[in-house]
Amino acid sequence: YEQTPPLAGVRLTARGFAWLDGAPQGGAGETGVIELHAHPLAASPLRLPAKLTGRGGAELLDMPPLMRDALDKFLFRQHRRSIAESRQARQPG
């Protein structure tokens with residue numbers, strides 16, 4: 001397994017990426033690849049081509065429509081799962 005970076009707060013959508021804990025290195029308009037280590041047991045990170053926006057975020061680039069749709073659906077399911085888990089935690093046992 002690769003050495004994984006420390007945990008950081010981020011927000012990922014099917015269109016972009018935002019750092020909640022600091023800003024990325026580089027200037028607005030620079031392009032590169034975001035490596036997202038979604039789970040410590042994953043053998044390799046998710047690599048997404050992106051362009052820095054200069055507002056602590058990046059716009060995802062060159063993603064085929066099917067992949068963008070799949071990512072959007074995955075993120076929606078994760079969001080709904082998070083809401084369900086928080087509701088269960090609040091319910092008296």
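Visitor: What's the volume of the largest pocket?
Guide: This is a predicted model, and in it the largest pocket has a volume of about 570 Å³.

Visitor: Which residues are closest to its centre?
Guide: Those are Pro-5, Ala-8, Glu-35, Leu-36 and His-37, out of 24 residues that line the largest pocket.

Visitor: And which strands supply at least two residues of that lining?
Guide: Three do: β2 (16-19), β3 (31-36) and β4 (46-52). The largest share comes from β3, with six residues.

Visitor: How do the lining residues divide into nonpolar, polar and charged?
Guide: For the largest pocket you get 15 nonpolar, six polar and three charged.

Visitor: OK, what about the second largest pocket, what volume does that have?
Guide: The second largest pocket comes in at about 260 Å³. Its lining is made up of Val-10, Arg-11, Leu-12, Leu-36, Ala-38, Leu-46, Leu-71, Phe-74, Leu-75 and Gln-78.

Visitor: Which elements give two or more residues there?
Guide: β1 (10-12) and α1 (65-90) do, for the second largest pocket. Of the elements, α1 gives the most, with four residues. By class, this lining has eight nonpolar residues, one polar and one charged.

Visitor: Switching topic: what order do the strands have in the sheet?
Guide: It's an open sheet of five strands, in the order β1-β2-β5-β4-β3, and the pairing is antiparallel. β1 and β3 are the edge strands, each pairing on one side only. From one strand to the next, the twist averages 35°.

Visitor: Over how many bridges do β1 and β2 pair?
Guide: Three bridges, in the antiparallel sense. As an example, Arg-11 has Ala-18 in β2 as its bridge partner.

Visitor: How many salt bridges does the structure hold?
Guide: One. The side chains of Arg-47 and Glu-35 meet in it, at 3.0 Å from N to O.

Visitor: What does that pair tie together?
Guide: Arg-47 lies in strand β4 and Glu-35 in strand β3, so the pair ties together parts that are 12 residues apart in sequence. Glu-35 is also among the residues closest to the centre of the largest pocket.

Definitions and conventions:
Residues are numbered from 1 along each chain as its sequence is written. This is a predicted model: local features need pLDDT of at least 70, side-chain atom pairs count only at pLDDT 80 or more; totals for chains, interfaces and linings use all residues. Side-chain values use heavy atoms; hydrogens and water are left out. On a 1 Å grid over the protein atoms alone, a cavity is a set of points where a 1.4 Å probe fits but cannot get out, and a pocket is an open set with protein on both sides within 12 Å along at least five of seven lines; lining residues have an atom within 4 Å of a point. Grid points are joined across faces, edges and corners, and a volume is the space filled by probe spheres set on the points. Ala, Val, Leu, Ile, Met, Phe, Trp, Tyr, Cys and Pro count as nonpolar, Asp, Glu, Lys and Arg as charged, and the others, Gly among them, as polar. Two strands pair if DSSP finds at least two bridges between them. Axes are lines fitted to C-alpha atoms, for helices over the stretch in contact, and angles run from 0 to 180 degrees between N-to-C directions. A salt bridge is a side-chain nitrogen of Lys or Arg within 4 Å of a carboxyl oxygen of Asp or Glu.
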